[in-house]
Amino acid sequence: MSVTLEEILTQPIAWEEAVNKTAGQSRDLLPLLKDLDGHVLFTGCGSTHYLSLAAAALFQKLTGRPARGVPGSELVLNGDTVLNGRTPLLVAVSRSGATEETLQAVEHFRRRGDGAVIAITTDGSQPLASMADYAIVLERGREKSVVQTRSFAAMYVATVGLSLLAAGVTEGLEALERLPALGQRIISEVQDMAQKVGKDRNITHFFFLGSGILYGLASEASLKMKEMSLSFSEPFHFLEFRHGPMSMVDKGTMLVGLLSERNHKHEQAVLDEMAELGGHVFSLGERDATYAFHSQLPEIVRGALYLPPLQLMAYYRAVARGLDPDRPRHLSAVVKALGSS
Ligand code: F1P
């Protein structure tokens, strides 16, 4: 079996580790999550940058503290557009723990003498873990693939746990424990649907729509479609799509909607409008969606459930196009600094 597929299918085990580790390490983590005066930053590169967007939105929503997700390179090269006043906490996320831009971002942050650094990674032997005040290391999320799937979901779940800890929402942590079993069920239920979308030769390009805490996840889903299947794909906030991008909709367009519960009505209206313009539509959400989770989980802990169906869609599209998802074009697992060989 392809390693990418194997990693997608086995991710609930890694989610479980992420839930257990964040809850189990709360005594070490809590002091770093207290008295956060100023903007909390989340950073990473590529997938882990999108993870940072998703995590920052959730962190701010749950804690009421301002939080922002930025690419590691922006912290280093354009720090004056990112940092303002004291930053009490940097959460640096990297599957490899070795991506140079992320390491440089941590160094840059350290030089300012601001707050603490928490690392989230799957490899504790790499530099990032030892550069941080505290590292959450998710060994079960570790991957052989170039493209992040299981690792992304596990590290995302860890940021959900971290946000719940920071907000003191203990019932959220209990709900998080139900995620892995739900993930397992969803993986078995969505295979055929994901395969059907992946094989559909009428589709020429994709848009992934997600808002609020789901925008970062829509961005990651869009990146998966690009990396694995070399398909044109872009993410947008739902209502933003009507302000220009909708001009691209035709019978080759697939709109994948990551529906929220809170704004379901508005989001569904966007999808309906795009279907009227000739686009194909596939939606995911708790209920009233092409594929509904029926998880009974609170919305704030549900994010990871969107990931396996979207990863599988990209995987099956790659296979249908005769590509090998284990060998994505031009990519390597760790990106070195520009100019280094
Ligand atoms: C980040 C990253 C991935 C991307 C590619 C290269 O790695 O940019 O997001 O898909 O595989 O690496 P990391 O810092 O999370 O290890």
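Which residues is S233 in contact with, leaving aside its neighbours within four places in sequence? In this predicted model, the contacts of S233 are F206, F208, S222, M225 and K226. S233 is found in strand 7, which spans residues 232-236. The relative accessible area of S233 is 1%. S233 is therefore classed as buried, the cut-off being under 20%.

The domain assignment divides the protein chain into domain 1 (3-176) and domain 2 (179-320). Taken over C-alpha atoms, the centres of domain 1 and domain 2 are 24 Å apart. The interface involves 29 residues of domain 1 and 31 residues of domain 2. About 2,600 Å² is buried between domain 1 and domain 2. Carbon and sulfur atoms give 76% of that area. Six residue pairs, both members at pLDDT 80 or more, are in polar contact across the interface of domain 1 and domain 2. Salt bridges between domain 1 and domain 2 number zero.

Several helices build the side of domain 1 that touches domain 2. Helix 1 (3-9), helix 2 (11-24), helix 4 (47-63), helix 9 (150-167) and helix 10 (170-176) each supply at least two residues. Helix 4 gives the largest share, with eight residues. By residue class, this side of domain 1 holds 20 nonpolar, seven polar and two charged residues.

Y291 and its surroundings were examined next. Y291 is found in strand 10 (residues 291-292). Y291 counts as buried because its relative accessibility is 5%, against a cut-off of under 20%. Beyond residues up to four places away in sequence, Y291 touches R185, I186, E189, V190, M193, F282, S283, L284 and G285. The side chain of Y291 makes a polar contact with the side chain of E189 at 2.4 Å. E189 also forms a salt bridge with R185, at 3.1 Å from N to O. Both E189 and R185 lie in helix 11 (residues 179-199), four residues apart, or about one turn of the helix. E189 is partly exposed at 38% relative accessibility. R185 is partly exposed as well, with a relative accessible area of 28%. The C-alpha atoms of Y291 and A333 are separated by 31 Å, and the two residues are 42 residues apart along the chain.

Salt bridges were then counted. Side chains of opposite charge can pair when their charged atoms come close. The total comes to 14 salt bridges. One of the pairs is E17 with K21, at 3.4 Å from N to O. E17 and K21 both lie in helix 2, four residues apart. E17 is buried, at 11% relative accessibility. E17 is also touched by R140, along with I13, A14 and R150, not counting residues up to four places away in sequence. R140 sits in the loop between strand 5 (134-137) and helix 9. The C-alpha atoms of R140 and A154, 14 residues apart along the chain, are 8.4 Å apart.

D123 and R142 form another salt bridge, with the closest N and O atoms 2.9 Å apart. This pair links distant parts of the chain, 19 residues apart. D123 lies in the loop between strand 4 (116-121) and helix 8 (127-131), and R142 in the loop between strand 5 and helix 9. D123 is buried, with a relative accessible area of 12%, whereas R142 is partly exposed at 40%. A network of salt bridges links E261, E286, R287 and R302.

Technical notes:
Residues numbered from 1 in each chain as written. Predicted model: local features only at pLDDT ≥ 70, side-chain atom pairs only at ≥ 80, totals over all residues. Heavy atoms only, no water. Domains from an automatic or database assignment. Contact = heavy atoms within 4.5 Å. Buried area = accessible area lost by both parts, 1.4 Å probe. Salt bridge = Lys/Arg side-chain N within 4 Å of Asp/Glu carboxyl O. Polar contact = N/O pair within 3.5 Å; in protein donor to acceptor, adjacent residues only side chain to side chain. Nonpolar A, V, L, I, M, F, W, Y, C, P; charged D, E, K, R; others polar. Buried < 20%, exposed > 50% of the residue type's maximum accessible area, 1.4 Å probe, protein only.
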